[in-house]
Amino acid sequence: VFTWIENAAGKRSLKVARPGHPPRIVTASTTDDGLSLYDATLSDDGDAVAFVRGGDGEFPDEEDLPNPAGNPVPPRQQVFLALGRAAPVAIGDGHSPVFASGDKRITFTRRGELWLWAEGKATRLARVAGSVSRMRWSPDGARLAFVDSRNGRNFIGLMNADGGDVRYLDAGLDQAAEPVFSPDGGRIAFIRYLDPPAGAGPDTGPYWSLHIADVATGRTVQRWAAPAGKGARWAGTRGRNLYWTARGIVLPWEASGWLHAYLLAPDGTAPPRALTAGTFEVESFVPTRDGAALVYAANAGEIDKRRLWRVGPARTLTDAATMAFYPTLAGDTLAAIATDARTLAHPVTVGAKLLPLSDKVSVSGFVAPQSVSFRAADGTQVHGQLFRAANAAVRQPAVVYVHGGPRRQMLAGFHPSGYYSHAYIVNQTLVARGYTVLAVNYRGGTGHGLAFRDAAETGREGASEYRDILAAGRWLAVRPDVDPARSASIFTASTHCCGPCPTACRPRRN
């Protein structure tokens, strides 16, 4: 069973479906009320779904909740639960619901409080000084690990499922992240990292390491630290970053200069072994249930696209005609989010063919953008997508599209993120009105490797990414099909700083 959230012209709905069966609507808006749905999650048996309505999914613990309709009483941020085919009911104020392993108890959080819903009642278990995220249940459902963020620091908290005192695992002055239980529940692995000091060279370090704590005693040992050089600074994917499987711990690392998945033995007797390799970036990954294989989304071979791949043995799961993101497993069934140049993001199951779990929405008349590259004045190679109508006049006016971020990458098709999907529509609208558009993936962005993302002199250090925008305008100006006299050197559609990738349309496993 899979669940996802759809936004159709502002009308938000949560759906669930079994492969091969039509989706069932759990809840749906009849108007564009502006209230977000997010944090959808399923119980292990797939018979219950929890989600959040109201508030801000990107900044869930804000004091002032969004009130898009300007109501005298602002809407609440509430966790809802739907059991079986019953209508959803609110179980408490908060966000980030997580089902316990093997049953239908739910933990959720609200401004540092940890709550447990069980047997029809929500009870506050504990309160911490910071905000709570990344809650993980132990395999036996007896304990809960979480990240406590306060005063610019992250700590790993651990408590029994019935509440009581919260313990912190090897608390320090650096950052702790990504707690995950061992398969037997007796240990917890987590990442520790710190920001390099001002002026530190790109190959200094180490700045991150993997630690394992004994659940019973709290004793923690460092099992491995990233050496100085490439990958010495912590970098995660756009999904979950740590899995403890029967084969070992799977984690991301940029040792090659590209973000890849590695396997580390829990005893730390050997360095991590690369599960993926090449001049491409792994955007997200998930191991199979037995840990013998790994499914990942990456831009191998096509830097401005995404496909799904599997290692153990290695093979391609999707073809070049469709982009696929966020692989998600329910048992042995694989789902993902799919898009292409003319089709908006939608959930699919992945097998011999991609089978939609819900309706596909396609747009007629959109052009397929062409992936192009050019060099900035300092020699940096820059990539982008060129939008041009096939039946256009010989010489068109042109604009350069500059995405926000900067830690983003525009793609040669619809983006899984709602905001960047809208930006893609803007570019297609300009094409329909007679413009040639060049969308630039300037340095500092993702998808092009460590050296490009952490390029020198970006931002306040020299704005070297602006050289890429200038190069884009000059590249356009000398094309025989562009009229430089009627072109804008820069078209800024967004300069805002984005937060984490939206997760609303990602399928979740049962």
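This is a predicted model: local features need pLDDT of at least 70, side-chain atom pairs count only at pLDDT 80 or more; totals for chains, interfaces and linings use all residues.
**Entry: the loop with proline 206**

I started at proline 206, which sits in the loop between β17 (187-193) and β18 (208-214).

Proline 313 belongs to the loop between β26 (307-311) and β27 (315-316). Here too I found a cis bond, running from glycine 312 to proline 313, with omega near -5 degrees.

**Entry: positive phi outside glycine**

Next I looked up backbone angles. Alanine 9 is not a glycine, yet its phi is positive, at about 55 degrees. I placed alanine 9 in the loop between β1 (2-8) and β2. Is alanine 9 buried or exposed? I get a relative accessibility of 73%, so alanine 9 counts as exposed; the cut-off for that word is over 50%.

Aspartate 170 was the next one I checked. Its phi is near 50 degrees, again a positive value in a residue other than glycine. I found aspartate 170 in the loop between β15 (163-168) and β16 (175-181). With a relative accessible area of 37%, aspartate 170 goes into my notes as partly exposed.

Strand β9 (residues 106-110) and strand β10 (residues 113-118) run antiparallel, and five bridges join them. Which residue of β10 is the bridge partner of phenylalanine 108? I traced the bridge to tryptophan 115. Two residues lie between the strands in this hairpin, and arginine 111 takes a positive phi near 45 degrees there.

From β10 I moved on to strand β11 (residues 121-127). These two strands also run antiparallel, joined by six bridges. I noted that glutamate 113 has arginine 127 in β11 as its bridge partner. The hairpin of β10 and β11 has two residues between the strands, and in it glutamate 119 has a positive phi near 55 degrees.

**Entry: helix α1**

I turned to helix α1, residues 418-432. The helix has 15 residues, and I get 21 Å from its first C-alpha to its last, close to the 21 Å expected at 1.5 Å a residue. Which residues of α1 are buried? My list reads Tyr420, Ser421, Ala423, Tyr424, Asn427, Gln428, Leu430 and Val431. Just after α1 comes glycine 434, and I read a positive phi of about 100 degrees for this residue.

**Entry: aromatic rings**

I searched the whole structure for aromatic pairs and came away with 17. Some of the rings form a cluster: ring pairs link Tyr193, Trp208, Trp224, Trp234, Trp253 and Tyr262.

**Entry: glycine 231**

I looked up glycine 231 in the loop between β19 (220-225) and β20 (243-245). Its relative accessible area is 4%, so I call glycine 231 buried; under 20% is what that takes. I also checked glycine 231 against alanine 261: the two are 30 residues apart in sequence, and their C-alphas are 12 Å apart in space.

**Entry: closed cavities**

How many cavities of 30 Å³ or more does the whole structure hold? My search gave three. The largest cavity has a volume of about 70 Å³. I found 12 residues lining this cavity, and Arg238, Glu283, Arg306, Gln409 and His415 come closest to its centre. Sorted by class, the lining of the largest cavity has five nonpolar, three polar and four charged residues.

My last stop was the second largest pocket, which holds about 290 Å³ of space. I found 16 residues in the lining, and the closest to the centre are Val1, Val16, Arg18, Arg24 and Arg85. Which strands each supply at least two residues of this lining? I noted β2 (11-17) and β5 (48-53). By class, I wrote down nine nonpolar, three polar and four charged residues for the lining of the second largest pocket.

How values were computed:
Residues are numbered from 1 along each chain as its sequence is written. Side-chain values use heavy atoms; hydrogens and water are left out. On a 1 Å grid over the protein atoms alone, a cavity is a set of points where a 1.4 Å probe fits but cannot get out, and a pocket is an open set with protein on both sides within 12 Å along at least five of seven lines; lining residues have an atom within 4 Å of a point. Grid points are joined across faces, edges and corners, and a volume is the space filled by probe spheres set on the points. Helices (H or I, at least four residues) and strands (E, at least two) are DSSP runs, numbered from the N terminus. Ala, Val, Leu, Ile, Met, Phe, Trp, Tyr, Cys and Pro count as nonpolar, Asp, Glu, Lys and Arg as charged, and the others, Gly among them, as polar. Rings of Phe, Tyr and Trp (its six-membered ring) pair if their centres lie within 6.5 Å; planes under 30 degrees apart count as stacked, over 60 as edge-to-face and the rest as tilted. The expected span of a helix is 1.5 Å times one less than its number of residues. Buried means under 20% relative accessible area, exposed over 50%, partly exposed in between (1.4 Å probe, protein chains only). Two strands pair if DSSP finds at least two bridges between them.
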